[in-house]
Amino acid sequence: MNPTSAPPLPSRTNSRAQCTTSAPHLGRSLEIHPEPIHTARMRMQAEQDSPEWREAYRGRAGIEGTVSQAVRGPGLRRSRYQGLAKTHLQNVLIGMAINIRRLGAHYDTTTRTDRRPTRIHALCTQHGIATAA
């Protein structure tokens with residue numbers, strides 16, 4: 001269901017430019033979902049506020065971070081080899097590399113120096129807009 005608004009009244013046509021930047025011929029639209037879909041969406045949103053749902057989602061959030069690290073670093077999405085066995089071997093080796101990198105980061109005792117401030121932060125600090133952190 002997609003109801004459309006009535007044509008603008010003559011008194012409102014002059015203020016349209018002050019209210020919206022959309023094209024004049026498009027107008028406004030409001031999408032109303034059927035009641036079963038709306039009810040299901042509201043129920044799912046209410047479930048996401050429960051402690052049980054958040055606890056279950058914590059596991060997924062950790063795995064999402066691991067997958068992201070594998071995709072960004074060694075390029076897990078693209079296989080260098082043809083064939084399931086070679087692709088599987090590549091994925092296992094990528095997993096081992098990620099674990100070794102994480103172990104190295106965990107046992108690294110050297111203190112890291114703070115990164116230099118970005119150009120915009122240095123400019124804001126110079127002009128007194130931001131503090132030097």
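Reader: In this predicted model, how many residues apart are R58 and E55 in helix α3, and by what are they separated?

Author: R58 and E55 are three residues apart in helix α3, so about one helical turn separates them. Side chains of opposite charge can pair when their charged atoms come close. Here the side chains of R58 and E55 meet in a salt bridge, at 3.6 Å from N to O, and R58 counts as exposed, with 59% relative accessibility.

Reader: How many salt bridges does the structure hold?

Author: The structure holds three salt bridges. One of them joins R60 to E64, whose closest N and O atoms are 3.1 Å apart; these two residues are four apart in helix α3, again about one helical turn, and E64 is partly exposed at 41% relative accessibility. Another brings together the side chains of R54 and D49, at 3.7 Å from N to O, where R54 is partly exposed with a relative accessible area of 49%, whereas D49, at 56%, counts as exposed.

Reader: Turning to aromatic rings, which way are the rings of W53 and Y57 paired, and why?

Author: By the rule for ring centres and planes, the count comes to one aromatic pair. The ring centres of W53 and Y57 lie 5.0 Å apart and their planes meet at 10°, so the pair is stacked, given that planes under 30 degrees apart count as stacked. Both residues belong to helix α3, which spans residues 51–72, and they stand four residues apart, about one turn of the helix.

Reader: Are W53 and Y57 buried or partly exposed?

Author: W53 is partly exposed, with a relative accessible area of 31%, and Y57 likewise counts as partly exposed, at 37% relative accessibility.

Definitions and conventions. Residues numbered from 1 in each chain as written. Predicted model: local features only at pLDDT ≥ 70, side-chain atom pairs only at ≥ 80, totals over all residues. Heavy atoms only, no water. Phe/Tyr/Trp six-rings, centres within 6.5 Å; stacked < 30°, edge-to-face > 60°. Buried < 20%, exposed > 50% of the residue type's maximum accessible area, 1.4 Å probe, protein only. Salt bridge = Lys/Arg side-chain N within 4 Å of Asp/Glu carboxyl O.
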